[in-house]
Amino acid sequence: MSSSDLFVSAEGAEWVNPEPGVVRRIMTYLPEMMMVEVAFESGAVGAAHSHPHIQASYVAEGSFEVTIDGRTEVLKQGGSFIVPPNLIHGVKALEKGRLIDAFTPHRAEFLK
């Protein structure tokens with residue numbers, strides 16, 4: 001599939017479990033962009049990694065310790081961050097929370 005429907009209901013998106021205490025669902029996507037909701041249990045870690053995509057993330061709920069290229073900040077609900085291509089980044093949920101991630105281009109490996 002090269003893109004999702006233009007409208008995706010919450011019930012229409014399947015949750016997957018990529019890491020302990022973390023679930024994510026693809027909200028919608030086109031080849032050029034993807035939006036993903038990621039839910040974290042308190043203390044769960046999104047392991048440090050890098051990818052060639054630009055990532056912009058919004059803290060929809062909770063608070064997170066976010067590390068990008070060795071710099072760490074704590075962001076609470078309403079905060080956001082952006083990750084340029086290929087920088088090592090990761091998060092730790094300081095409490096139960098959710099991130100809304102946007103990627104450009106889309107993350108093809110999420111579709112498998």
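Me: Which residue in β9 does E65 stand opposite?

Reply: Quick ground rules: this is a predicted model, where local features need pLDDT of at least 70, side-chain atom pairs count only at pLDDT 80 or more, and totals for chains, interfaces and linings use all residues. Residues are numbered from 1 along each chain as its sequence is written, and side-chain values use heavy atoms, with hydrogens and water left out. Strands are DSSP runs of E, at least two residues, and helices are runs of H or I, at least four, numbered from the N terminus. Strand β6 (residues 63-68) runs antiparallel to β9, with 5 bridges joining them, and two strands pair if DSSP finds at least two bridges between them; E65's opposite number in β9 is K92.

Me: And which residue stands opposite K92 from the β4 side?

Reply: Strand β4 (residues 45-49) is also antiparallel to β9, joined by 3 bridges. The residue facing K92 in β9 is V45.

Me: How many of the residues in β9 are buried?

Reply: Buried means under 20% relative accessible area, exposed is over 50%, and partly exposed is in between (1.4 Å probe, protein chains only). Strand β9 spans residues 89-93 and is mostly covered. The count of buried residues is 4 of 5.

Me: What share of the annotated cupin stretch is strand?

Reply: UniProt, in an unreviewed entry, lists residues 37-96 as "domain: Cupin type-2"; its positions are in the numbering used here, feature names are shortened, and annotations may be inferred rather than shown by experiment. Over residues 37-96 the end C-alpha atoms are 14 Å apart and helix is 0%. Strand comes to 63%.

Me: Why does the F40 and F64 pair count as edge-to-face?

Reply: Rings of Phe, Tyr and Trp (its six-membered ring) pair if their centres lie within 6.5 Å, with planes under 30 degrees apart called stacked, over 60 edge-to-face and the rest tilted. The structure holds 2 aromatic pairs. In this one the centres are 5.1 Å apart, and the pair is edge-to-face because the planes sit at 75°.

Me: What is the angle between the planes of F103 and F110?

Reply: F103 is buried, at 3% relative accessibility, and F110 is buried too, at 16%. Their rings form an edge-to-face pair, 5.8 Å centre to centre, and the angle between the planes is 85°.

Me: Which residue has its charged end over the ring of F110?

Reply: A charge sits over a ring if NZ of Lys or CZ of Arg is within 6 Å of the ring centre and within 35 degrees of the ring normal. For F110 the distance from the ring centre is 3.6 Å, and the residue is R24.
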